[in-house]
Amino acid sequence: MDTTGRPNPLFRNLSAKIAAIPMILTALVIFVGGTAWTVIYSFTSSKLLPKKLFEWTDVINIGDWSLSIPTGIVWKSFVGLQQYERLWNTNRWMVSIENLFIYGLCSLVLSFIIGFVLAALLDQKIRFENTFRTIILYPFALSFIVTGLVWQWLLNPDFGIQSVIRGMGFVGFTFDPLYSADIVIYGVLIAGLWQGTGLIMVLMLAGLRGIDQEIWKAARVDGIPAWKTYLFIVIPMMRPVFITTLVIIASGIVRIYDLIVAQTSGGPGISSEVPAKYVYDYMFQGQNLGQGFAASTMMLLAVAIVVIPWAYLEFGSRKRG
Amino acid sequence: MTLSTAIAGADAVASRLKGPQGPKPRKRFSRRNIFIYGTLIVVALYYALPLYVMIVTSLKGMPEIRLGNIFAPPVEITFEPWVKAWSEACTGLNCEGLSRGFWNSVRITVPSVFLSIAIASVNGYALANWKFKGAEAFFTILIFGAFIPYQVMLYPIVIILREIGLYGTLWGLVLVHSIFGMPILTLLFRNYFTSLPEELFKAARVDGARFWGIYFRIMLPMSLPIFVVAMIIQVTGIWNDFLFGVVYTKPDTYPMTVQLNNIVNSVQGVKEYNVNMAATILTGLVPLTIYFVSGKLFVRGIAAGAVKG
Amino acid sequence: MTANSVEIRGLDLAFGAVEVLKDLNLEIPEGEFLVLLGASGCGKSTLLNCIAGLLDITGGQIFIKDQNVTWAEPSQRGIGMVFQSYALYPQMTVKGNLSFGLKNARFAKAEIEERVARAAEILQIQPLLDRKPAALSGGQRQRVAIGRALVRDVDVFLFDEPLSNLDAKLRADLRVEIKRLHQKLRNTMIYVTHDQIEAMTLADRIAIMRSGAIQQLGSPDEIYNRPRTKYVAEFIGSPAMNFIDGVVAERGFAAGDTTIPLDGYGWADGPKQGPAWLGIRPEHVATGELAQGKPFRQEITVELFEPMGADTLVWTTLAGQPFHFNLDGQHKVATGDRMTIGFDSARGSLFGKDTELRL
């Protein structure tokens, strides 16, 4: 065996490289390639399924030598920002954006408040902590479809909460979010919070448990009341947990789809539509792919606005530090 | 600490020393405790209520539902809605109940869980112990990929699956689940393998074990807990999936969630709320069972899997 | 002359732009116990990992038994390694741990049995063969870890700080055990530590490392008595050596008003003059009657003292600079006491101020 020469670095660690092929393919083909493909096609007028990933139709002839270029369909149907113009002029998209905005904002604020308060309560060295946590977290194990259907039933005006309270004598009581266009998104919000706050609570609890117990002792020795300790010492210390939680909630909000499908199907009318549903409907039912691509590119943009600054703060500073 | 705060602190300590102090000799029915436990009990009731309503509704007959209130326990318990939900409920396309969806979900979940964990654990192991140039770059793309809305990648994958002849098949969906499970699982395994003592890995190399030898003989036997956590994440995640199921399968291979939605939101016929609730519970039963059985491991799993969103 | 067991030629190692080891050369004869000694971050463990083949080097060559093993797999180098944490495979029994390497090398079953039995006998761990590592004591774990190298019949044993996680008592016991093992097996052993006592007691030769380079390579005696650099002088010996800041002149070593005679000093390269440090070990300072015979004597005032049992460390000022020395622990002192101390510069070390090298 000749071991004197430096081996080809390409073959060093070969098994590891082979083992990483699925990861490399996923990263490059699906995440980078797929995303780029969708973004590029959002500038086209494609209405129906392209037959192939790329159409190798454009042929450049140089003498007797010819070259197919893989962007034929894009060149042929390139329409610039037309899909986006149309998107932002579509009422249904505007409703979707508005809903996402209301749902997102409320869900973000309420998740944080409810999650943190519950975590703080559970962190008081109470008995039955596990029982309480188990009950509050179980909805998270359920799918959005199940969640949506349960709350569709609970909010059913003829049989659900409204009818029960009317039955108790409050005849004029009205609470039927799923059937009134103005407040339907809040009906979805109730279900979403029920499903998701347990997770936020667990994350916050982990954050609280991660705080040095000496801080509490120091605060007590200094005579600082508990609420002040939380507000001025503990919460600022939990900044990293909050940021991570924020990113998790935000990227989840943008994706909201199943819950709407199950609970309201976008109704009444189009009053509870959301972007993800817009994308799906245009891609797979409306046969208007360009719209679907443009809408999904907008979703990507929304996530990028949240994730890129976070990644910069989280990893950029760490590299420098 | 300045002198004045030091004195103020000392005062506070002195005043505390007079009264009942510290959390230990706390009175059982202090106002603080009543507040904490009271709030938690109300909250727990709120969270538990939907499950309770689901169960009682599914055990009532339709006449009782029309007359009574949804919170009332069933007067006459009937299991007929469950039977109907399982084998007779209609989706608008067929009237085979949830059973077909259940078996489809099983046939999707089992291979997806195995394939995704096999791929991700080997990836994570390679990233943790056999770093090669560029590995971190691909990993970073993978992690950022976890944040890309699925909608962006739905269509390219449709085309890829069609090109390789898997579109509309169970195996196509298995592949999709393995791909989208990869970021979080790879992160999970990479972090876990990194936390294992590096010297064990070095010792095994000195002992002549190679990539696969170390993976199977040294790493796997030490990593059973993390494999359980990964299985919890994957089984619940894949079982609960709706979007991929509806996009990448055809009606006869629809997973349970899609089947459930089609049954409940079917516009045909009279709404049978008891059947709907029975069907809903049936669909939630697998993840709920895993949740209640696995306890702490589930919490660990979602804390790690939270990134998946 | 014995053959070299391990030879390192011009070894370089860099992680990106960070150079960890720089043009390092080392020759280790067959059967030697070599200790790599240095503060953490000096590159000693890195060097050991390079020899083991666990790190890919950037440049240079490594030979083991005259074979170029620069790019060979760790298992093909004829080395065995004992780690700080011992790194026993927790899920395998002692027997499994011992036979893992042999199984990977596809030895026959009977051969494996025989080798494991022989190693177990040498290390006296026969009763432990069916136990899991978790059920072993610290000393037993070390023996199994050594056994893992022993069964493979390796030429070179590499030890990576094997004693630094243990308490003082156990450390002393296991140190003796390693020494005994070396005397029995006579294998080449390379031992990394940051503990100078371990180094002094175990080593045939010590290599003191700093910033990825070897500062001095020599027997414990040489290292202690004739440190080649100021760093080595500082590093070896406890309490640490005194360094008097001054100038080497014709009459002797001048520090402030004080002149210390340098008669009999073993110059490294002939007498020199210029700014220098004079290093005096605290244990080489005599007091009372013993001081009378020394070439240099001075009366000092006790400023501070630290009783340590056998000795008392006394702090004072000499030539306007802080100075400390050992006093017999039975000798009672008090702050403010005056006493005469004396030492012989021939036993000290001079270091040039510019190079920090021994003069």
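**Walking through the model**

Tutor: To start, 51% of the 321 residues of chain A count as buried, where buried means under 20% relative accessible area, exposed over 50% and partly exposed in between, with a 1.4 Å probe and protein chains only. Keep in mind that this is a predicted model, where local features need pLDDT of at least 70, side-chain atom pairs count only at pLDDT 80 or more, and totals for chains, interfaces and linings use all residues. Residues are numbered from 1 along each chain as its sequence is written, chains are lettered from A and ligands numbered from 1 in the order in which they are written, and side-chain values use heavy atoms, with hydrogens and water left out.

Student: How many helices and strands are there in chain A?
Tutor: Both come from DSSP runs, numbered from the N terminus: helices are H or I with at least four residues, strands are E with at least two. For chain A that gives 15 helices and two strands.

Student: What area do chain A and chain B bury between them?
Tutor: The size of an interface is often given as the accessible area lost when the parts come together. Here that loss is found with a 1.4 Å probe and summed over both parts. Contact means heavy atoms within 4.5 Å, and it takes in 94 residues from chain A and 97 residues from chain B. Carbon and sulfur atoms hold 76% of the buried area, which is about 8500 Å².

Student: Why is the pair of A:W216 and A:Y230 called edge-to-face?
Tutor: Rings of Phe, Tyr and Trp (its six-membered ring) pair if their centres lie within 6.5 Å; planes under 30 degrees apart count as stacked, over 60 as edge-to-face and the rest as tilted. The structure holds 57 such aromatic pairs over all chains. For A:W216 and A:Y230 the centres are 5.1 Å apart, and the pair is edge-to-face because the planes are at 70°.

Student: How many residues apart are C:F323 and C:F343?
Tutor: These two rings are stacked, 6.1 Å centre to centre with 20° between the planes. C:F323 is buried at 0% relative accessibility, and C:F343 is buried at 1%. The pair links strand 19 (residues 321–328) with strand 20 (residues 338–343) of chain C, and the two residues are 20 residues apart.

Student: Which residue of chain C forms a salt bridge with B:R210?
Tutor: B:R210 is partly exposed, at 44% relative accessibility. The pair crosses between chains, starting from the loop between helix 9 (198–206) and helix 10 (211–222) of chain B. The closest N and O atoms are 3.8 Å apart, and the partner is C:E73.

Student: Which residues are linked with A:R92 in a network of salt bridges?
Tutor: One bridge to look at joins A:E273 and A:K277, with the closest N and O atoms 3.2 Å apart. A:E273 and A:K277 are buried. The residues linked with A:R92 are A:E273, A:K277 and A:D281.

Technical notes: Buried area = accessible area lost by both parts, 1.4 Å probe. Salt bridge = Lys/Arg side-chain N within 4 Å of Asp/Glu carboxyl O.
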